[in-house]
Amino acid sequence: MRYLRRKALFYLVAVWAAVTLNFLIPRLIKGNPVDAVLAKTQNMTPMSPEARRALELQFGVSDDPLWQQYLGYLGNLLRGEFGLSVSYYPTPVAKVLSQSLPWTVVMVGLATVLSVLLGITLGMLAGWRRGTWLDALVPTTTFLAAIPYFWLALVLLYVLAGILGWFPLNSGYSYETTIGLNWPFLRSAVYHGILPAASIVVASVAGWLLGMRNMMVSTMAEDYVLTAEAKGLRPRRIMIQYAARNAVLPSVAGFAITLGFVVSGSVATEIVFSYPGIGMNLVAAVANADYPLLQGIFLVISLAVLGANFVVDLLYALIDPRTRQAG
């Protein structure tokens, strides 16, 4: 419980710092969202001061003292209000995020989990049976990881979708279907997400495989593994309970960071495949100086990274009791 309290206190302070920075940074940037909206709509008619002030209030532009703005910002966060998006005006940022976030979390999340599980499993087997044909997978996967991702995605898109026609060229679902929990839409969404997810798995599995393989080779030279072998324990038990359990610890820590950044999406993936995720929203927000949307995206990413790290810290303590005994 002491370990849990210490971690909970640390992450509460980290959440407060992330929320505060998310409040301050947009206010340090020059420019006004109202000017961005007017430039986007190419409104040549002069706007009255009253109308401009009403538009500024919609975007949260205020002359109040900073501490009052901060309290109002915290109150809006508790109500789930992030303001209006400049890129998708007058759609609220919360609605934009709620429409795009599920696409990214499902596609990128499943691809990330699959690549981690596949890489750790193959790395465990390659390290346990080093020198065999499994060990020969390492150079092959490393070569695929060395290829620039956007080029690999374009090649897969050109060959599998363009030439062979096995997968659709773009979008996250067929526009002929109705969005909802119905079989035609779910089938279409899965079909459209296979190729983007596969490109992420192919590009990222090498790092997990190589890291796990090297840790397995190092762990197998430890005294406790040699003792277990001397006792005559089954090789499968030694591999999983003695070697892999300790070799996987660095991968668990790396998985925490990777899992947290799932919500930010794979921007290159979503651009290449025109996938309707949060990565496309991030690109649109940068292109249109959409500070409210950027603020909402960065806050969601920060909270997701902190939440994922907190969960994995607890999981890490279960795997390695030494961490919760420290301090």
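Tryptophan 103 and phenylalanine 185 are both buried, buried being under 20% relative accessible area, exposed over 50% and partly exposed in between, with a 1.4 Å probe and protein chains only. All of this comes from a predicted model, in which local features need pLDDT of at least 70 and side-chain atom pairs count only at pLDDT 80 or more, while totals for chains, interfaces and linings use all residues. Residues are numbered from 1 along each chain as its sequence is written, and side-chain values use heavy atoms, with hydrogens and water left out. As for confidence, pLDDT is the predictor's own score for each residue, from 0 to 100; its mean over the protein is 78, with 84% of residues at 70 or more. Helices here are DSSP runs (H or I, at least four residues), numbered from the N terminus, and strands are E runs of at least two.

Now for the aromatic side chains. The structure holds seven aromatic pairs, where rings of Phe, Tyr and Trp (its six-membered ring) pair if their centres lie within 6.5 Å, and planes under 30 degrees apart count as stacked, over 60 as edge-to-face and the rest as tilted. Phenylalanine 23 and tyrosine 70 make an edge-to-face pair, 5.2 Å centre to centre with 65 degrees between the planes. This pair links distant parts of the chain, with phenylalanine 23 in helix 1 (residues 2-28) and tyrosine 70 in helix 4 (residues 66-78), 47 residues apart. Phenylalanine 23 counts as buried because its relative accessibility is 2%, and tyrosine 70 is buried too, with a relative accessible area of 17%. Tryptophan 103 and phenylalanine 185 also pair edge-to-face, at 5.8 Å centre to centre and 85 degrees between the planes. That pair again joins distant parts of the chain: tryptophan 103 sits in helix 5 and phenylalanine 185 in helix 8, 82 residues apart. Elsewhere, ring pairs tie Phe10, Tyr11 and Phe310 into a cluster.

On to the nonpolar cores, meaning sets of buried Ala, Val, Leu, Ile, Met, Phe, Trp, Tyr and Cys residues joined through side-chain atoms within 4.5 Å. The largest has 23 residues, and Trp103, Met107, Leu157, Leu195, Ile200 and Phe273 have the most contacts inside it. Helix 5, helix 7 (149-163) and helix 8 (183-219) are the elements that give this core two or more residues, with helix 7 supplying the largest share, seven. Another core, of 19 residues, lies apart from it and has Met124, Trp208, Met239 and Val248 among its members.

Beyond residues up to four places away in sequence, tryptophan 103 touches Gly172, Tyr173, Phe185, Ala189, Tyr275, Pro276 and Gly277. Threonine 269, in helix 12 (residues 267-272), counts as buried because its relative accessibility is 0%. Neighbours within four places aside, threonine 269 is in contact with Met107, Tyr149, Pro196, Ser199 and Ile200.

Serine 274, in the loop between helix 12 and helix 13 (278-287), has a positive phi of about 50 degrees although it is not a glycine. Most residues other than glycine have a negative phi. At 36% relative accessibility, serine 274 counts as partly exposed.

Key: Contact = heavy atoms within 4.5 Å.
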